[in-house]
Amino acid sequence: MSASIVVVDYHKGNLLSVERGLSQAGCHAVVTDEPDVIRAADGVVLPGVGSFADASAYLLSSGEMIAIRDAVRRGAPFLGICLGLQLAFDSGDEGCAPGTRAEGLGLVPGACRRLDSETPDGHHRKVPHVGWNNVDLTATGVASPLFSGIEDHGWFYFTHSYQCEPSSGADVLATTTYARTFASAVNVGGVFGTQFHPEKSSAPGLKVLENFGGIVREACRDRVFGGREQGGVGA
Amino acid sequence: MLAKRVIPCLDVKDGRVVKGVNFVNLRDAGDPVELASFYDAQGADEVVFLDITATHEGRGTVIDMASRVSAEVRIPYAVGGGFNDVASIRAMVAAGADKVSVNSAAVRDPSLITAAAAAFGSQAILCAVDAKHVGGAGDRWSVYVHGGRVDTGIDVVQWAAEAARRGAGEILLTSMDRDGSRDGFDLALTRAVSRAVDIPIIASGGVGTLEHFAEGIIEGEADAVLAASVFHFGDISIRQVKEYMAAQGIPVRL
């Protein structure tokens, strides 16, 4: 069964790496900005380039935001990468006027804010956080299919100035420590997100994309054979 | 813990890697894709391609190269050389480059950094600064452009700070005094710039020994170290650098 994964294009730049990474991981990936294609997808990947407010405004006006929510409601697994992870939350303040917030997809409870630059013992860290850092799996993370075959404390590539703050610790699959410790991977139901870039994280990153492909195929099988989808196809 | 990065730099002309790549096990030592994959396997944290294609017609080849690298190589890479406007940067980002490095054109018109960072995000914009020590008392360095041929008289520390303020995501800092010398980084220069800006500094120019790499991080306070010839000639491997740095207590991805 060849499940189709859409890479959501919100016209901010480099989607090629994500698409090629998914292809290398054995997934059938299509870049699209068409809400109807997103709505019908077996799996959705939201990559991350640009700022929260910009991306949120584009996703809202283009109809992509509603289409992604529809796809997730239908049971299509979702993977947000970097800003894509942040956009999965309720709101974010990057690129917003002071005191205001932009709307996110609302798939994961919580909000996004700027990274801390001061360590608990008062040392300064440069923001953006750029480069390879350790991804420490939580107990949930160790058991998660997204990190199947991934060693704990492994290295992944980050480049970001903002972070997510999940309302519930139970949604955190992994944490990473820079100035302070932040959530570097989250999961609620079929919604996954990584603050790091799996498509730029060499072999372990490719494995994460492969795992997401497996999650999408599994969800497809469940929908088809479980007949949970309305008007579902017979086996 | 965030790892300090080790970055090989490849000179590319007409879509081919030039200048002393000296490995025995490569089918095609001039193929940027094969070399980048080789460095990925060796543990390079990212790769920088410096395009030295002189002709306008040749510029298409570097776009083609970037698109092939994106298809095969799963670590970040930057492309520098000849980016004069937002349109040329857009073409490179569309071809899949994670970062584009601007140099002379940004010195001529600093708003290029502002516009490019707004269009593609700061993470995509690397500001390359070629620095040369100014004689006389005290430590001062001047910004050179056009491949190090023209002295602008602009203060390096001030220029780096302005580039950061305008949205550059990182500074690629090359000492023209040390470049090619194998005498080690200009540590005073690297430290001065690293302390003046709140974005990562990639130190470049002068590496000859394992000790030099570690010095760039510890004394130069750089966030990443870049070298070309010592890697290409096989004198030092990426893995050796990382093992040496780890032994000095520097966090590296091994």
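This is a predicted model: local features need pLDDT of at least 70, side-chain atom pairs count only at pLDDT 80 or more; totals for chains, interfaces and linings use all residues.
The contact between the two chains takes 27 residues from chain A and 25 residues from chain B.

On the chain A side, four elements each supply at least two residues: α1 (16-24), β8 (129-137), β9 (154-160) and α7 (202-226). Of these, β8(A) gives the most to the side that touches chain B, with six residues. What is the make-up of that side by class? There are 13 polar residues, 10 nonpolar and four charged.

The partner I want to show for β10(A) is β7 of chain A, residues 108-114: the two pair in the antiparallel sense, over five bridges. If you want a place to look, find A:A111, which stands opposite A:E165 in β10(A).

Now chain B, and a pair of helices. Helix α3 (residues 86-94) and helix α5 (residues 111-120) of chain B pack at an angle of about 35°, and their axes are 10 Å apart. The crossing of α3(B) past α5(B) is right-handed. Which residues make the contact? From α3(B) they are B:V86, B:I89, B:R90 and B:V93, and from α5(B) they are B:A115, B:A116, B:A119 and B:F120. Seven of the residues in this helix contact are nonpolar, one is charged and none is polar.

Note on methods
Residues are numbered from 1 along each chain as its sequence is written. Chains are lettered from A and ligands numbered from 1 in the order in which they are written. Axes are lines fitted to C-alpha atoms, for helices over the stretch in contact, and angles run from 0 to 180 degrees between N-to-C directions. A crossing is left-handed if the near helix is turned anticlockwise from the far one by less than a right angle, and right-handed if clockwise. Two residues are in contact if their C-beta atoms, placed from the backbone, lie within 7 Å. Ala, Val, Leu, Ile, Met, Phe, Trp, Tyr, Cys and Pro count as nonpolar, Asp, Glu, Lys and Arg as charged, and the others, Gly among them, as polar. Two strands pair if DSSP finds at least two bridges between them.
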